[in-house]
Amino acid sequence: MNKNSALSVELCGLKLDNPIIPASGTFGYGYEFAELYDINILGSFSFKGTTYEPRFGNPTPRIAECPAGMLNSIGLQNPGVHAVINEELPKLKKVFNKKVIANVGGFSVEEYARTAALLDECEQIGLIEVNISCPNVHNGGMSFGTDPKAAAEVTAAVKKATTKPVFMKLSPNVSDIVAIAKACEDAGADGISLINTLLGMRIDLRRKKPVLANKMGGFSGSAVFPVAVRMVYQVYEAVKLPIIGMGGVSSADDVIEMMLAGASAVQIGAANLVDPFVCKDIIETLPAAMAKYGINNLKDIIGGAHNG
Amino acid sequence: MLKQDLYTITENRRIANGIFGMTLLGAHGFTKPGQFANIKLDGLYLRRPISVCDFDENGFSLIYKTVGRGTELMSELREGTSLDILTGLGNGYAIENSGKKPLLIAGGSGVPPMYKLAESLINEGREVTAILGFNSKEDVYLEDELKALGVRVRITTVDGSYADKGFVTDAMTDELDYSFFYTCGPLPMYKAIRKVVKTEGQYSFEERMGCGFGACMGCSMKTRSGGKRICKDGPVFDSTEIIWGEEL
């Protein structure tokens with residue numbers, strides 16, 4: 001394996017060989033991709049959003065085509081935290097020897113904390129990413145990520161439940177992303193992940209009805225990249241926490257741009273679904289892209305686009 | 001086994017009303033009938049899943065109906081064009097379940113996977129009957145090709161303009177003798193079939209997919225053994241696994 005220190009980054013003491021992290025919900029629990037390539041080349045990956053109870057998710061269709069992107073309305077389908085700990089993580093251990101990011105979803109402050117407490121005991125987990133931004137579930141998910149007070153409550157509760165670094169994953173569907181990020185920082189968050197998907201809708205012209213059974217869904221893909229870069233830039237200015245940047249990233253150039261905006265590491269989401277080898281390709285092409293832009297070490301460019 | 005590569009179109013032509021056949025050259029991942037390809041097309045973000053009709057060591061062929069932008073774009077592609085395709089996706093039909101006299105039942109755009117399935121069964125020495133349902137005479141395809149394999153073929157058309165008037169279930173008479181069934185077609189056809197079939201069998205499902213290889217949970221379906229991914233755990237499911245509830 002190519003251990004190029006010029007690519008290595010760090011998130012709250014968690015050392016990553018490179019900043020490339022497949023995003024939650026686009027990489028399952030890892031082993032579909034382990035059949036395709038050695039996933040140990042990744043910095044880490046964020047596993048499928050996990051709730052306390054198992055969930056089947058929303059009715060189908062859950063997927064819609066968009067210009068330069070897609071909608072999804074999966075609705076946090078997952079086997080529940082107990083099955084993740086007892087079945088998915090042992091399976092993952094056979095194909096992935098690095099620390100994984102545990103993505104946690106929930107419908108109440110208590111549920112987030114209970115799930116995080118169980119995951120706290122898993123040595124394979126490097127940090128916990130708290131999804132307070134899922135647009136596809138009712139009475140949970142995004143409702144915590146669109147109100148600074150609720151975001152702070154979830155942050156504090158999860159922090160109390162675990163000793164692992166806690167990253168709050170924020171929704172772009174807000175008028176003031178900085179207020180939410182600051183509320184998380186004040187409540188003790190160790191880092192910020194952003195952005196989750198943008199709430200969207202498509203209508204089928206033949207049926208004259210929404211394409212998605214759930215009507216609305218989360219918009220992701222290369223089209224959302226400028227929105228993500230803007231929000232990472234704004235949050236970097238306002239908080240001192242490390243940021244995992246994501247939203248439409250699909251090339252080594254995008255990774256560099258996201259890091260210049262302020263991301264310490266970068267997640268790749270929808271692009272994995274279209275090209276299952278995209279993360280491998282990005283890792284392999286990063287050195288050439290760095291050379292092209294005169295970058296010797298990725299750590300040096302984090303937040304590089306900011307003045308002073 | 002999933003394989004991503006660039007494949008060259010060697011043929012792409014209309015074979016029936018709104019139905020096109022495309023042949024592609026290159027090493028692929030197909031091992032079983034009923035698997036599918038997921039095709040990247042210029043101007044579209046998501047790939048488009050199309051079931052495989054036939055494959056050999058040199059390449060594979062797809063038959064598709066133009067139903068939306070993806071298939072319309074496909075129908076305009078010229079020979080010699082290269083396409084980025086994920087091949088070898090999905091579980092495919094279990095030919096070992098067939099017994100001596102398997103019955104294939106397909107409707108409309110569900111007919112294509114029946115070709116490789118029939119060939120595989122015949123190679124195993126099975127006596128294969130196929131019932132193919134179409135709307136009208138100009139929609140009929142693959143009849144001659146299946147007959148050439150040695151399949152006993154029965155055709156039904158809804159308007160009676162060709163062969164027997166009616167639906168596939170009208171051809172599934174009491175006298176029809178079969179050991180197992182395999183089917184591919186629209187959901188209303190499945191609902192009619194399941195009321196008249198005399199044996200166990202396998203149904204192939206379709207759904208709007210995100211990835212096509214099991215990562216996104218976009219195409220989930222509830223089964224008797226829990227939630228399954230149509231793209232990865234399916235698209236073919238045993239009749240004993242399917243819950244014919246309100247969602248189906």
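Modeller: The model is a predicted one, and the first rule concerns its elements: helices are DSSP runs (H or I) of at least four residues, strands are runs (E) of at least two, and both are numbered from the N terminus.

Colleague: What kind of peptide bond joins Thr60(A) and Pro61(A), and what is its omega?

Modeller: The bond is cis, with omega at about -5 degrees. Chain B also has a cis peptide bond, between Gly234(B) and Pro235(B), where omega is about 10 degrees; Pro235(B) sits in the loop between E14 and E15 of that chain.

Colleague: Why is the pair of Lys232(B) and Glu35(A) called a salt bridge?

Modeller: The rule asks for a side-chain nitrogen of Lys or Arg within 4 Å of a carboxyl oxygen of Asp or Glu. For Lys232(B) and Glu35(A) the N to O distance is 3.2 Å, therefore the pair qualifies. The pair crosses between chains, running from Glu35(A) in the loop between H1 and E4 of chain A to Lys232(B) in the loop between E14 and E15 of chain B.

Colleague: How many residues does each chain bring to the contact, and how much area do the two chains bury?

Modeller: Chain A brings 35 residues and chain B brings 31, counting heavy atoms within 4.5 Å as contact. The two chains bury about 2600 Å² between them, with 61% of it on carbon and sulfur atoms. On the side of chain A, Phe56(A), Glu65(A) and Val274(A) lose the most area to chain B, together 25% of what that side buries. Ten residue pairs are in polar contact between the chains, with both residues at pLDDT 80 or more. The largest share of the side of chain A that touches chain B comes from H9(A), which gives five residues.

Colleague: Which residues lie nearest the centre of the second largest pocket?

Modeller: They are Gln77(A), Pro79(A), Glu88(A), Met217(B) and Gly227(B), from a lining of 21 residues. The pocket holds about 510 Å³ of space. H1 and H2 of chain A, together with E14 of chain B, each supply at least two residues of the lining, which by class has seven nonpolar, five polar and nine charged residues.

Colleague: What is the phi of Leu142(B), and where is Leu142(B) found?

Modeller: Its phi is positive, about 65 degrees, although Leu142(B) is not a glycine. Leu142(B) is in the loop between strand E8 (129-134) and helix H3 (143-149) of chain B.

Technical notes. Residues numbered from 1 in each chain as written. Chains lettered and ligands numbered in written order. Predicted model: local features only at pLDDT ≥ 70, side-chain atom pairs only at ≥ 80, totals over all residues. Heavy atoms only, no water. 1 Å grid on protein atoms, 1.4 Å probe; cavity = no way out; pocket = protein on both sides within 12 Å on 5 of 7 lines; lining within 4 Å. Points joined across faces, edges and corners; volume = space filled by probe spheres on them. Nonpolar A, V, L, I, M, F, W, Y, C, P; charged D, E, K, R; others polar. Buried area = accessible area lost by both parts, 1.4 Å probe. Polar contact = N/O pair within 3.5 Å; in protein donor to acceptor, adjacent residues only side chain to side chain.
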